Amino acid sequence: VWRIGRARNREVIMTRTDLTIDQDRANLYPNLEMFKRYCSSGKPGSERAFQKITAIWDKVSYELWYKGYWYDYLKCVEIILSSAEAINDVATQAALLNQLAWAYMEREEFTQARQYFDKSIQKFRLRHTTDTLQSAV
């Protein structure tokens, strides 16, 4: 897994990190929050920041899930979901809501899981409706 940092030229760099170490997992949040703020800014390049945040998530989500780091998993998904909402990426919102639902199922928090499944279904339907309308134009 990778740690995010900044080089002198403000480029984002990534180095190896060990998610079994509490501090390394804690370091994920400020880095993800940095990208979230950029996504929420509406500035040019916010979509690129979103691509980076989802790439990071793709690298860390598997390990967080299978090692049962539920607090970290849920916190990261919430940050990325907020970023997806900021750039209005409905497909990613639907997928992340679905991931949240399954995480709550793993924790046996069924009421919370159901709520996220319902939200996910709404987003998938919205995406399908939007895609249908766009293809009709």
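The structure is a predicted model, in which local features need pLDDT of at least 70, side-chain atom pairs count only at pLDDT 80 or more, and totals for chains, interfaces and linings use all residues. Residues are numbered from 1 along each chain as its sequence is written, and side-chain values use heavy atoms, with hydrogens and water left out. The protein chain has six helices and two strands. Helices (H or I, at least four residues) and strands (E, at least two) are DSSP runs, numbered from the N terminus.

**Overall layout**

- Along the sequence, the elements of the protein chain come in the pattern β-β-α-α-α-α-α-α.
- Of the 137 residues in the protein chain, 38% are buried. Buried means under 20% relative accessible area, exposed means over 50%, and partly exposed lies in between (1.4 Å probe, protein chains only).
- The protein chain exposes about 8,500 Å², and carbon and sulfur atoms supply 50% of that area. Accessible areas come from the Shrake-Rupley method with a 1.4 Å probe; for residues, only the protein chains shown count as cover.
- Among contacts in the protein chain with a separation of 6 or more, 50% are between residues 24 or more positions apart. Contact means heavy atoms within 4.5 Å.

**Helix α4 and its surroundings**

- Helix α4 covers residues 70–86, which is 17 residues. From its first C-alpha to its last, α4 reaches 24 Å, close to the 24 Å expected at 1.5 Å a residue. The expected span of a helix is 1.5 Å times one less than its number of residues.
- The buried residues of α4 include Trp-70, Asp-72, Tyr-73, Leu-74 and Cys-76. Val-77, Ile-79, Ile-80, Leu-81, Ser-83 and Ala-84 of α4 are buried as well.
- These buried residues of α4 pack against α1 (22–26), α2 (28–41), α3 (46–66) and α5.
- Ser-83 is found in helix α4 and counts as buried because its relative accessibility is 0%. Leaving aside neighbours within four places in sequence, Ser-83 is in contact with Lys-36, Cys-39, Phe-50 and Ile-53.
- Asn-88 follows α4 and has a positive phi, near 60°.

**Salt bridges**

- Side chains of opposite charge can pair when their charged atoms come close.
- The structure holds six salt bridges. A salt bridge is a side-chain nitrogen of Lys or Arg within 4 Å of a carboxyl oxygen of Asp or Glu.
- One of the salt bridges joins the side chains of Asp-22 and Arg-25 at 2.6 Å, N to O. Both residues lie in helix α1, three residues apart, about one turn of the helix.
- Asp-22 is exposed because its relative accessible area is 55%, whereas Arg-25 counts as buried because its relative accessibility is 8%.
- Another salt bridge joins the side chains of Lys-36 and Glu-33 at 3.5 Å, N to O. Lys-36 and Glu-33 both lie in helix α2, three residues apart, about one turn of the helix.
- Glu-33 counts as partly exposed because its relative accessibility is 24%.
- An α-helix has 3.6 residues a turn, so residues three or four places apart point the same way.
- The side chains of Lys-67 and Glu-63 also meet in a salt bridge, at 3.1 Å, N to O. Salt bridges that share partners join Asp-22, Arg-25 and Asp-72 into one network.
- Lys-67 counts as partly exposed because its relative accessibility is 43%, whereas Glu-63 is buried because its relative accessible area is 17%.

**Cysteines**

- A disulfide is a covalent bond between the sulfur atoms of two cysteines.
- A disulfide is counted here as a pair of cysteine sulfur atoms within 2.5 Å, and by this rule the count comes to zero disulfides.
- Cys-39 is buried because its relative accessible area is 1%, and Cys-76 counts as buried because its relative accessibility is 0%.

**Other residues**

- Trp-102, Met-105 and Phe-110 make a nonpolar surface patch of about 310 Å². Patches are made of residues with over 30% relative accessible area and no salt bridge; like charges are joined within 9 Å, and nonpolar side chains (Val, Leu, Ile, Met, Phe, Trp, Tyr) within 5 Å.
- Met-105 is found in helix α5 (residues 90–106) and counts as partly exposed because its relative accessibility is 30%.
- Lys-52 is found in helix α3 and is partly exposed because its relative accessible area is 25%. The C-alpha atoms of Lys-52 and Leu-32 are separated by 9.4 Å, and the two residues are 20 residues apart along the chain.
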